[in-house]
Amino acid sequence: MPLLFKIYCAMMLHYTGSIPSQIIYQNNYPSNYFQLPFANEIELAGTFGELRPNHFHSGWDIKTNNQQGYPVHAVQVGFISRIKLSNKGYGLAIYITHPNGFTSVYAHLKKLNKIGDKILQQQLMNGDTDQIDIHLPIHKYKIKKDEIIAFSGNSGSSEAPHLHFEIRDAFTEEAINPIFFNLNVNDTYSPIISKIGIYEWAEKNQASAIKSYAVSIQELLNKQMQKMIVVHQPIVSIAINGFDKQFKDSKSKLGFTEIELLTNKNKVCTIDFDRLIFAESKNINFMLDSIQYKKHN
């Protein structure tokens, strides 16, 4: 008779980090304090915590209709605290530190506006042309809320024009999921799990069988999945493959913010992307079954 004594949460996900339509703000982040960096409604190409090659994604990627030059607005009053320029990574980026202890980051820019560009040009005149990282004294270069601070671009390690946007803890430098700040982003499409993987463990470090099961999207949407999966080992791990979309017609497959594993309504495991320590970003490699990912995507 098949036995199932224990379920371990195998964090082998192909996507992670999205926008739930409703969320409980448990960390006392300021609600309705920040605004969006663009004047118009935004569409996301990437979400917080998504699995990227060798790192977790630390913010939102906001689409710019595959064009450069969109005005980028300061999300709240603050001070320019840092300007970076590189031929990789964030490319041209500006950091605004706010009085409430958070820093907003705007990356892959084409050009800075007014004060920021003057500071950058002064540094370039000193002969620094490849890697520039300017840390500025707080309270020296004040920025107003909604002020145009830059123009979107495609600089650094960017595959298409877009704005990379982050909110960080100004003291710990941890990146925080922007959804916690109640930014007004529409989300009308439910997340989808397209496939479930079952790992049966004969021994602690060796899976005796790896089986995958396609999941009907319609079944999940209607919450009618009634499939019985029989296992033959006492220890089992669960892996999933899935994505989220902001809108039904959106071409971007986004990640999940939170994933829960339950047995008989009892929570066994939770994967929750709310804050990111950059020094731990490469721990993403512990969350993937690399062999299965390379073989079967």
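This report describes selected strands, aromatic contacts, a pocket and a cavity in a predicted model.

Strand β9 covers residues 102-112. Nine of its 11 residues are buried, and the strand is mostly covered.

Strand β8, made of residues 92-97, runs antiparallel to β9, and five bridges join the two. Within this pairing, Leu-92 has Leu-109 of β9 as its bridge partner. The hairpin of β8 and β9 has four residues between the strands. In that hairpin, Gly-101 takes a positive phi near 95°.

The pairing of β9 with β13 is also antiparallel, with six bridges. Here Phe-102 stands opposite Asp-169 in β13. Strand β12 pairs with β9 in the antiparallel sense over three bridges, and Leu-112 stands opposite Ala-150 in β12. In general, side chains in a regular strand alternate between the two faces of the sheet.

Strand β18 spans residues 258-263, and strand β19 spans residues 266-272. They pair in the antiparallel sense over six bridges. The bridge partner of Leu-261 is Cys-269 in β19.

Two residues lie between the strands of this hairpin. Asn-264 takes a positive phi near 50° there.

## Aromatic pairs around Tyr-29

The structure holds 11 aromatic pairs. One of them joins Tyr-29 and Phe-180, whose ring centres are 5.3 Å apart. The planes of these two rings meet at 25°, so the pair is stacked; the cut-off for stacking is under 30 degrees. Tyr-29 lies in the loop between β1 (6-13) and β2 (44-46), while Phe-180 lies in the loop between β14 (175-176) and β15. The pair therefore ties together parts that are 151 residues apart in sequence. Tyr-29 is buried because its relative accessible area is 9%, which falls under the 20% limit. Phe-180 counts as buried too, at 6% relative accessibility.

Tyr-29 also forms an aromatic pair with Phe-181, and this pair is tilted. The distance is 5.2 Å centre to centre, with 45° between the planes. The pair links distant parts of the chain, with Tyr-29 in the loop between β1 and β2 and Phe-181 in the loop between β14 and β15, 152 residues apart. Both Tyr-29 and Phe-181 are buried. One aromatic cluster is formed by Tyr-29, Tyr-33, Phe-34, Phe-102, Phe-180 and Phe-181. Phe-102 is also the residue that stands opposite Asp-169 in β13.

## Charges over rings

Two contacts place a charged side chain over an aromatic ring. The charged end of Arg-82 sits over the ring of Tyr-95, at 4.8 Å from the centre of that ring. Lys-253 lies over the face of Phe-243, 4.8 Å from the ring centre.

## The second largest pocket

The second largest pocket has a volume of about 850 Å³. It is lined by 30 residues, and the closest to its centre are Arg-52, Asp-61, His-108, Ser-157 and His-162.

Three strands each supply at least two residues of this lining: β4 (55-56), β5 (60-63) and β13 (162-169). Strand β13 is also a partner of β9, with six bridges between them.

## The largest cavity

A search of the whole structure finds one cavity of 30 Å³ or more. About 50 Å³ of space lies in the largest cavity. Its lining consists of Ile-80, Ile-94, Asn-113, Lys-114, Ile-115, Gly-116, Ile-143, Glu-147, Ile-148 and Ile-149. The elements that give two or more residues to this lining are α1 (115-125) and β12 (148-152).

Six residues of the cavity lining are nonpolar, two are polar and two are charged. Strand β12, which contributes to the lining, also pairs with β9 over three bridges.

## Ile-193 in β15

Ile-193 lies in strand β15, which spans residues 192-203. At 27% relative accessibility, Ile-193 counts as partly exposed. The reason is that this value lies between the limits of 20% for buried and 50% for exposed.

Ile-193 and Gly-242 are 49 residues apart in sequence. In space they are 4.2 Å apart, C-alpha to C-alpha.

Definitions and conventions: Residues are numbered from 1 along each chain as its sequence is written. This is a predicted model: local features need pLDDT of at least 70, side-chain atom pairs count only at pLDDT 80 or more; totals for chains, interfaces and linings use all residues. Side-chain values use heavy atoms; hydrogens and water are left out. Buried means under 20% relative accessible area, exposed over 50%, partly exposed in between (1.4 Å probe, protein chains only). On a 1 Å grid over the protein atoms alone, a cavity is a set of points where a 1.4 Å probe fits but cannot get out, and a pocket is an open set with protein on both sides within 12 Å along at least five of seven lines; lining residues have an atom within 4 Å of a point. Grid points are joined across faces, edges and corners, and a volume is the space filled by probe spheres set on the points. Two strands pair if DSSP finds at least two bridges between them. Rings of Phe, Tyr and Trp (its six-membered ring) pair if their centres lie within 6.5 Å; planes under 30 degrees apart count as stacked, over 60 as edge-to-face and the rest as tilted. A charge sits over a ring if NZ of Lys or CZ of Arg is within 6 Å of the ring centre and within 35 degrees of the ring normal. Ala, Val, Leu, Ile, Met, Phe, Trp, Tyr, Cys and Pro count as nonpolar, Asp, Glu, Lys and Arg as charged, and the others, Gly among them, as polar.
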